[in-house]
Amino acid sequence: MTYDPVRAGARPGPGRITPLEVQVAGRSRTLRPGESLVIGRDEASDLQVLGPRVSREHLLVRSTPDGWQLVDRSRNGSFAGGRPFREMAVTGPVTVRLGDAQAGPELRVATLPVRPARAPGAAGAPAHDRTVTVPAAERSSAQGRLSAVHQLSSTADLPRAGAGPMPRVRIGRAEDNDVVVADLLVSRHHAELVRRPDGGWDIVDLGSPNGTFVDGARVRRAPVTPTSVVGIGHALFHLEGSHGESVALVEHVDTGDIGFRADGLTVRVGEKTLLSRVGFSLGQRSLLAVVGPSGAGKSTLLRALTGFRPADEGVVEYAGRDLYAEYDELRQRIGLVPQDDILHPQLTVRRALGYAARLRFPTDVSAADRDRRIDEVIGELGLTGQADQRIDSLSGGQRKRTSVALELLTRPSLLFLDEPTSGLDPGLDKSVMHTLRDLADDGRTVVVVTHNVTHLDVCDRLLLLAPGAPGEGGGVAYFGPPREALQYFGVTDFADLFLLLDRQHDIDWAERFRRSPQWARYIGADALRPAGRAATVPVEAPRQQPVLTQFAVLCRRYLAVVLADRQYTIFMAALPLLLAVLTHALPGDTGLSQAAQARGTPGSPNSLLLVFVVGAALMGSAAAIRELVKEREIYRRERAIGLSRGAYLASKLMVLIVITGVQSVLLGVLGMLGRPAPDEPVLLGSGTAEIVVALAGVAVASMALGLAVSAAITNADRGMPLLVLLAMLQFILSSALLQIGRSPVLAQLSWLVPARWGFALGASTIGIPSGPGLPTPYRENDPLWDHDAVTWLLDLGALVGLTVLFAVLTSLLLRRVEPIRGGRRR
């Protein structure tokens with residue numbers, strides 16, 4: 001039995017709800033207000049009933065603020081008085097047959113009188129009749145099934161002062177713990193419950209990546225009172241007992257059977273309202289479709305419900321808990337599949353899920369455990385045959401199921417999907433929707449935003465958003481069973497419904513729905529209470545692994561993506577070779593030797609150095625200019641679950657530094673092959689080595705500039721035109737063609753151009769002269785070209801400084817695209 005807050009946190013109805021007795025096949029169960037019962041053929045059901053026409057999960061008995069309700073979830077139907085029903089309020093004794101109106105198993109339901117509560121230990125009160133209200137117990141049962149009761153030491157067991165250590169109860173995933181939690185989000189040794197000398201208990205986190213929580217707040221050490229709920233992974237613990245008697249640690253496990261509720265959600269951007277007073281409630285194992293015309297606020301609502309962009313007003317409740325205020329703990333129970341794929345298409349399904357699992361699970365989870373969980377989700381989504389295929393070779397439906405598989409790794413209770421059927425043919429559309437139906441039936445609440453209305457019949461609820469009056473934002477035009485929506489609007493199909501909403505702008509559809517019987521039936525009067533303002537402040541998502549661990553995983557993944565992308569790899573390998581060939585096409589045999597030029601040998605070291613520098617700048621920018629924008633959705637999703645921005649950016653820089661560094665060596669060595677090197681090296685003892693260092697410095701700084709551009713643009717296709725623009729800027733502002741030292745604008749702009757410092761670094765090594773008496777464009781003295789070690793190091797330091805500057809700029813630009821996290825001010 002689990003708690004099912006259909007409207008979690010709603011005020012009770014007019015009458016007091018009494019306990020309910022359910023009898024079937026000679027067995028009976030008594031439900032208290034707030035509890036629910038799943039009846040079906042499956043062994044995992046709360047009450048198993050066998051029969052040829054009984055479904056795996058046939059009937060749900062649940063508590064609502066207005067009383068008890070029976071909800072049919074079967075294929076063959078449930079019957080009361082010989083008539084089928086989908087939802088039925090229990091107002092008195094009722095007999096229901098499952099699967100067949102005449103011969104199906106018979107179920108009897110009746111309310112019971114309220115039994116007066118007795119004080120603990122009152123005379124004549126048997127232990128099983130004590131009805132002490134324990135807030136922690138109610139909150140735990142609201143979020144999960146009772147899993148175990150662990151007996152703790154009593155006050156009499158406490159050691160005398162100085163006689164020995166205080167009792168400790170260790171909690172974790174490993175078998176050597178006192179309390180074993182079989183959850184991959186839990187560390188091997190996660191936390192300890194420590195007895196205090198006064199008889200109370202403290203919970204102590206043992207450095208776990210995913211944290212230990214007391215009443216939704218992440219703690220290192222905190223007292224645990226009888227009203228406290230401790231969250232560790234999907235497990236919830238509370239204490240029962242007092243100082244004078246034995247104390248038990250009661251464990252519940254969040255299996256996904258939870259209620260979900262939104263009330264009064266309003267989202268504004270500046271003076272514009274995008275969403276206005278949206279509210280609804282969902283019971284456990286529900287599938288909700290969110291539809292509406294363009295501009296109605298569907299994507300805005302999805303971000304508000306998931307906590308990615310919290311609403312400015314209103315509340316979102318997960319089993320009665322404030323999602324925004326307790327997002328740190330609840331974030332692992334929310335899965336989000338955006339419209340764009342959140343996996344690297346160059347990798348195979350299994351390999352992509354493997355990297356995702358390394359980022360989501362604690363570092364002490366073994367490879368075997370990760371692989372076992374990956375195999376489970378691959379099997380659950382029907383991808384076993386495609387596990388070793390590249391993602392970019394899958395069909396649209398298979399790719400979407402792969403994205404869903406990634407989110408299912410951590411067993412979320414809530415799964416949100418944005419346009420999962422976009423671009424799919426009708427057959428794949430149907431397949432995806434039925435997959436979502438199965439996921440909901442397996443014990444999750446699933447919310448899908450969609451434009452396709454063909455298969456809404458598989459959903460339990462339909463939320464229709466309609467644009468509001470100017471300045472009002474989108475609102476709820478309908479919420480309820482999909483089959484009743486067309487009748488409510490008086491149309492025959494959903495195409496006519498959308499035309500109706502589009503043409504009749506003078507109707508306030510949200511207000512019309514609030515005055516309807518459907519609103520009273522499916523949302524209820526509790527939505528009328530004023531919505532609190534969800535004043536939010538940015539909250540950093542806690543990291544699940546150390547930064548260095550994330551950095552190592554991200555480096556391996558990025559390198560695997562690069563190597564798997566054959567076209568990219570071939571291009572990056574061929575580019576320095578082609579540029580080296582181009583340098584050999586230049587006329588002359590001076591190479592980079594000023595002495596050879598002075599002897600009258602044809603050629604110009606200045607021109608060759610310019611080609612080298614601009615080529616290196618092109619290589620660096622080309623390597624990076626699309627790397628961030630093309631995986632923006634992946635970054636946003638991983639950032640929301642605790643990815644370090646620094647680790648992500650550092651992994652990009654590290655891999656690209658290696659790539660551009662190798663390219664620079666190839667360009668410098670092959671370009672200088674058979675040519676005279678600089679005459680007198682400044683610092684390293686080899687002129688060729690100093691030129692290679694200069695090319696590497698230009699390539700790395702240009703790569704960092706490319707990353708900044710990639711973080712700034714919103715479309716990968718815009719990268720190529722900008723690459724050409726950057727190459728031209730580097731060419732012109734390198735100072736090899738124009739003396740720009742006295743130009744008030746170009747001189748300052750050139751300080752931010754890697755080619756300017758790279759050419760100066762090479763000129764310092766070569767000893768290119770500048771000053772009066774020399775031909776244009778070298779008549780003005782350029783102190784950055786001086787042939788000495790101090791100038792050479794200054795130029796090199798400038799390239800390092802530019803690289804750091806562009807990396808910091810990239811970090812700031814990445815911050816703009818991250819999800820807005822929020823916590824309620826207290």
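The report covers model confidence, a sheet with its helix, a further helix and a loop residue.

## Basis and confidence

This is a predicted model, in which local features need pLDDT of at least 70 and side-chain atom pairs count only at pLDDT 80 or more, while totals for chains, interfaces and linings use all residues. Residues are numbered from 1 along each chain as its sequence is written, and side-chain values use heavy atoms, with hydrogens and water left out.

The protein chain has an average pLDDT (the predictor's confidence in each residue, from 0 to 100) of 83, and 88% of the residues score at least 70. Over residues 114–134, however, the pLDDT is below 50, and this stretch has 17 contacts (heavy atoms within 4.5 Å) beyond near neighbours in sequence. Residues 822–826 also stay under 50, with 22 contacts in the model beyond four places in sequence.

Helices (H or I, at least four residues) and strands (E, at least two) are DSSP runs, numbered from the N terminus. Two strands pair if DSSP finds at least two bridges between them. Four strands form an open sheet in the order β25-β24-β27-β28, with antiparallel pairing.

Five bridges join β24 (residues 260–269) to β27 (residues 313–318) in the antiparallel sense; Phe260 has Tyr318 of β27 as its bridge partner. Helix α2 (residues 298–306) packs on the sheet and touches β24, β25 and β27. The direction of α2 makes about 120 degrees with that of β24, where axes are lines fitted to C-alpha atoms, for helices over the stretch in contact, and angles run from 0 to 180 degrees between N-to-C directions.

## Helix α19

The buried residues (under 20% relative accessible area, with exposed meaning over 50% and partly exposed in between, for a 1.4 Å probe and protein chains only) of α19 are Gly719, Leu723, Leu726 and Gln730. They lie on the same side of α19 because they cover an arc of only 65 degrees around the axis, taken from the directions from the helix axis to the C-beta atoms.

These buried residues pack against α15 (605–624), α18 (687–712) and α21 (754–766). The face turned away from the buried side carries the exposed residues Pro721 and Val724.

## Val229 in its loop

Val229 lies in the loop between β20 (221–224) and β21 (230–232). Val229 counts as buried because its relative accessibility is 7%. Beyond its neighbours within four places in sequence, Val229 contacts several residues, including Ala136, Arg139, Phe213 and Leu236. The C-alpha atoms of Val229 and Phe213 are separated by 8.1 Å, and the two residues are 16 residues apart along the chain.
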